[in-house]
Amino acid sequence: MVNTKQIHSLFPSELDIPRDLRHEYIIDQTEFLINGKIEEWDGPVKILYSPIYIDKSGKYERKIIGKHPLLDKDTALNVLKAAETSYNYGKGKWPLMQIEERIECMSSFMEKLISFHDSIVKFMMWEIGKPSHEATKEFDRTIDYLSDTLEAAKDIAENNLEIHDHEGIKANIKAAPVGVVLCMGPFNYPLNESFATIIPALMMGNSVIFKPPKYGSLLYQPLLELFSECFPSGVFNTVYGHDEDVIIPLLNTGRIDMLAFIGTSKAANILHSHHPKPNRLKEVLGLEAKNPAIIFEDADIGNSVRQCLKGALTFNGQRCTALKILFVHSSIVDKFLGRLKFEIEKIKIGMPWDEDVTITPIPDAERIKYLSELVHDARNKGALVLNDNGGYHDKSLFFPTLLYPVDSSMSIYHEEQFGPVIPVVTFDDIQEPIRYVWQSKYGQQISLFGNDRATMNYVVSSVLHQTGRVNLNTICQRGPDQFPFTGRKDSAKSILSVKDALAEFSMPGIVAVKDDYEGIEMLSAVLKGK
Ligand code: G3H
């Protein structure tokens with residue numbers, strides 16, 4: 001564990017930065033993608049800072065990593081026009097293409113995307129402080145997601161040919177696009193979670209307007225050309241800027257058909273309220289969570305500590321699926337906390353390029369303030385920080401913090417910290433954590449640690465209808481992408497998996513006839529395009 005006096009030395013001087021990460025990851029971006037063209041913007045820009053501070057002879061400054069355009073309302077509306085024109089009420093080139101042809105475009109996009117591996121990983125390190133091994137994982141799973149989507153789309157192509165026959169009606173049911181989709185991804189998975197909506201949206205024939213996340217936008221700049229090369233004009237467009245200048249005007253037009261947004265429920269509600277015809281707006285929303293872990297008296301302490309540590313602290317706890325509160329049975333709490341504290345103190349804190357690092361600089365300065373307030377509030381109400389340097393923060397680094405005993409009077413009991421703070425609550429009666437799940441505003445996932453089959457069975461049946469997934473003796477997580485990723489209450493409004501996402505970003509288009517000679521002849525002629 002680092003002593004607080006040594007913390008400054010965790011931030012590098014220019015010379016400490018690995019050579020291959022030094023200069024090329026600075027981009028002064030003045031372009032955006034509209035109607036298949038990379039257009040120059042000569043208006044205001046936003047200067048972008050890395051969460052990594054640089055030691056300049058004892059003075060610490062956040063490294064400037066570039067800039068991006070701050071588009072205005074008129075430009076955003078031009079982007080919408082381009083997306084609408086390419087969609088052309090569903091008569092555009094892309095929505096009318098056979099799925100097989102779209103699969104070809106997407107395959108070639110995927111092949112070329114692979115060559116951006118190193119640059120995207122390095123941008124993630126600079127832009128959001130993601131450890132190199134986590135950024136690599138994010139890139140690789142995105143390629144897997146793309147490749148699995150191509151396979152799933154082949155099944156849709158086959159289904160699209162089928163003729164269904166019920167109650168004297170014959171029909172062909174095709175998965176049809178929705179229209180113009182506005183995609184907004186989160187900073188913590190700037191590539192994967194954005195692509196998890198962009199890929200299915202494009203695959204199903206929609207036109208996309210994409211606003212990259214607040215942190216993690218520069219990694220898209222080198223991809224603009226690739227998007228423009230692989231898809232017809234106007235099918236994929238980008239916007240940058242303040243929501244009030246760009247996103248709200250787009251929604252206010254009422255011409256956005258679908259919103260794919262990963263972020264907070266508060267922001268989602270605001271976006272929704274700006275669409276004048278909200279019933280026309282199809283939504284895919286991935287929102288916040290407060291996933292609990294319950295550790296029963298017969299749990300394997302070694303495994304539960306390892307899993308809770310990983311579940312709570314991976315990438316500074318900045319995962320929607322992170323374990324955000326631990327309920328530990330009072331009979332094992334001392335043993336559990338002793339082991340957890342020991343493991344926390346071994347955790348590596350440093351820069352994203354350091355090997356095996358877990359805690360790295362946090363991009364959002366407001367988050368550091370918020371985490372300190374949560375710890376302060378809990379301490380004032382009787383919780384202790386159990387580990388060395390817990391609660392300590394310096395610039396963009398927030399040290400892992402084990403808080404105990406936590407109770408319902410404290411904000412951390414209810415609110416999503418989205419950071420490396422682990423609140424522990426003790427319980428005697430299993431109804432206490434079950435009530436927590438029932439009464440929570442959120443319902444994404446839960447982890448249960450124990451061995452007794454009857455207890456596990458009882459708790460699973462008590463919480464399964466209040467949450468999206470119950471994990472037994474393992475962490476909460478999104479993957480595998482073949483499983484439905486969803487949540488209840490304020491945690492999600494959609495189901496995403498490779499297959500479910502293709503359904504979310506499409507609508508069944510049905511052509512039906514009476515099951516008689518004329519009907520069948522007409523249906524077959526129409527489907528053959530005669
Ligand atoms: O932040 C939300 C992500 O979808 C979580 O994905 O569980 O694989 O880290 P993960």
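A helix is taken here as a DSSP run of at least four residues, with numbering that starts from the N terminus. In this predicted model, helix α12 spans residues 365–380 and holds both E366 and K369, which sit three residues apart, about one turn of the helix. These two residues form a salt bridge, with 3.9 Å between the closest N and O atoms. E366 counts as exposed because its relative accessibility is 51%, and exposed means over 50%. K369, with a relative accessible area of 49%, is partly exposed.

In one of them, the side chains of E283 and K493 meet at 2.7 Å, N to O. E283 belongs to strand β12 (residues 282–286) and K493 to strand β24 (residues 492–493), so this pair ties together parts that are 210 residues apart in sequence. The two partners can also be described by their accessibility: E283 is buried, at a relative accessible area of 9%, whereas K493 is partly exposed at 43%.

The other example pairs K324 with E416, whose closest N and O atoms are 2.8 Å apart. Here too distant parts of the chain are linked, 92 residues apart: K324 lies in strand β14 (residues 323–329), and E416 lies in the loop between α13 (411–414) and β19 (421–427). Both K324 and E416 are buried.

Attention now turns to the ligand. The residues surrounding the ligand are R141, N188, Y189, E193, R319, C320, T321, Q477, R478 and F485. Sorted by class, this shell has four charged, three polar and three nonpolar residues. A polar side-chain atom of R141 is 2.9 Å from an oxygen atom of the ligand, and an N or O atom in the side chain of T321 is 2.6 Å from a ligand oxygen. R478 takes part through its backbone, where a polar atom lies 2.8 Å from an oxygen atom of the ligand. Of the 310 Å² of accessible area that the ligand has on its own, the protein covers 95%.

Finally, the surface carries a nonpolar patch of about 400 Å², made by I163, V511, M522, V526 and L527. Helix α17 (residues 517–527) supplies the largest share of this patch, three residues. V526 is found in this helix and is partly exposed, with a relative accessible area of 43%.

Technical notes. Residues are numbered from 1 along each chain as its sequence is written. This is a predicted model: local features need pLDDT of at least 70, side-chain atom pairs count only at pLDDT 80 or more; totals for chains, interfaces and linings use all residues. Side-chain values use heavy atoms; hydrogens and water are left out. A residue is near a molecule or strand if one of its heavy atoms lies within 4 Å of it. A polar contact is a pair of N or O atoms within 3.5 Å; within protein, one must be able to donate a hydrogen and the other to accept it, and residues adjacent in sequence count only if both atoms are side-chain atoms. Accessible areas come from the Shrake-Rupley method with a 1.4 Å probe; for residues, only the protein chains shown count as cover. Ala, Val, Leu, Ile, Met, Phe, Trp, Tyr, Cys and Pro count as nonpolar, Asp, Glu, Lys and Arg as charged, and the others, Gly among them, as polar. Patches are made of residues with over 30% relative accessible area and no salt bridge: like charges are joined within 9 Å, nonpolar side chains (Val, Leu, Ile, Met, Phe, Trp, Tyr) within 5 Å. A salt bridge is a side-chain nitrogen of Lys or Arg within 4 Å of a carboxyl oxygen of Asp or Glu. Helices (H or I, at least four residues) and strands (E, at least two) are DSSP runs, numbered from the N terminus. Buried means under 20% relative accessible area, exposed over 50%, partly exposed in between (1.4 Å probe, protein chains only).
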